Amino acid sequence: MGSLASKEDHPGELKSFASLREEMVERNIAARGVRDELVLSAMRKVPRELFLPKNLREFAHEDLPLPIAGGQTISQPYIVAFMAESLQLKGGEKILEIGAGSGYAAAVLSEIAAKVYTVERLGQLADTAAVTLADLGYDNVCVLHGDGSRGWLEHAPYDAIVVAAGGPQVPESLKAQLKIGGRLVIPVGADQRVQELVRVTRVSENEYRSEDIADVRFVPLIGEEGWTTAKEGEARQVRAGRCGRFLRKRKRWSGTSPT
Ligand code: SAH
């Protein structure tokens, strides 16, 4: 089993990643109000360190957003858990995530859902996320390189949609890709870096209910139905989505960290 020296209260002692994760979930997630057992159990399972660049793995169990490639960030564990709880999942759903980033949040959602579709506009991140997810055996996640502000129509409608980047408004395409009764959780704000986390529930064919649930800070959602400040020609090409089983497998995640 993989292990990591805990520099905090047990100098020189080795602690397993699983126990560090357990502590993180108790201290930073459950103690701060996330109660949903499906979410807490998913957070206990996913090895966040393996979604980070090697030099940042020692910080994987601190409740911090951390830099990944392309000037983007892996969200802090608490916000991943809070957003997952806000989706009001029962298990077995079909979920769309916009902003795959490292693939970590998609892995957490895939521990609860039947299927997770995730879209990432930066090709380098989409590639790395797809390979990491496949290597860890997350066969129920598909990654698409493209503009997720328009959703992923091919697999719609979704029980739940979560957006990990902040837009100026709720994209109409995402609302249209929700099932009736489905929930969309998205950071929305007039400022590119500060937003209100909004939950939109599709009440009927033409009716939506919107609730503000938290103040948050996310990187901007850049795309046709998001902010339009993307550099010309960036990430415009949409390739076919790739799911875990179509990728080369090096190893399968079995619940403990490889050394
Ligand atoms: N869920 C991620 C966090 C990602 S940060 C994780 O667990 O690591 C937000 C991500 O949204 C960034 O990677 C950014 O490139 C991506 N993004 C921004 N605009 C997007 C768009 N229109 N479509 C898809 N991804 C987008």
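Predicted model: local features only at pLDDT ≥ 70, side-chain atom pairs only at ≥ 80, totals over all residues.
Local features are given where pLDDT is at least 70 and side-chain atom pairs where it is 80 or more, while totals for chains, interfaces and linings use all residues. Residues are numbered from 1 along each chain as its sequence is written.

**Exercise 1.** Work out in what order the strands of the open sheet are arranged, and which strands stand at the edges.

Solution. Begin with the terms: helices (H or I, at least four residues) and strands (E, at least two) are DSSP runs numbered from the N terminus, and two strands pair if DSSP finds at least two bridges between them. Eight strands then follow one another as β11-β10-β9-β8-β5-β6-β7-β12, with mixed pairing. Because β11 (208–216) and β12 (242–243) each have a single partner strand, one side of each is left without a neighbour in the sheet. At the β11 end, eight bridges join this strand to β10 (residues 195–202), and the two run antiparallel. Within that pair, Leu197 has Ala214 of β11 as its bridge partner.

**Exercise 2.** Find which strands helices α3 and α5 lie across.

Solution. A contact requires C-beta atoms, placed from the backbone, within 7 Å; axes are lines fitted to C-alpha atoms, for helices over the stretch in contact, and angles run from 0 to 180 degrees between N-to-C directions. Helix α3 (residues 77–86) lies across β8 (158–163), β9 (178–188), β10 and β11, and runs at about 165° to β11. Helix α5 (residues 123–135) lies across β6 (115–120), β7 (141–145) and β12, and its angle to β7 is about 165°.

**Exercise 3.** Describe how α1 crosses α3, and which residues make the contact.

Solution. The axes of α1 (residues 17–30) and α3 come within 9 Å and cross at roughly 70°. That makes α1 roughly perpendicular to α3, a label used for angles of 65 to 115 degrees. Met24, Asn28 and Ile29 of α1 meet Pro77, Tyr78 and Ala81 of α3. By class, these residues divide into five nonpolar, one polar and no charged, where Ala, Val, Leu, Ile, Met, Phe, Trp, Tyr, Cys and Pro count as nonpolar, Asp, Glu, Lys and Arg as charged, and the others, Gly among them, as polar.

**Exercise 4.** Identify which residues come nearest to the ligand, and which elements contribute to its shell.

Solution. Counting a residue as near when its C-beta atom, placed from the backbone, lies within 6 Å, there are 26 residues around the ligand, of which Gly99, Gly101, Ser102, Gly148 and Gly223 come nearest. The elements giving two or more residues are β4 (73–74), α4 (104–110) and β6. The shell has twelve nonpolar, eleven polar and three charged residues.

Conventions: Contact = placed C-beta atoms within 7 Å. Parallel < 35°, antiparallel > 145°, perpendicular 65-115°, else oblique.
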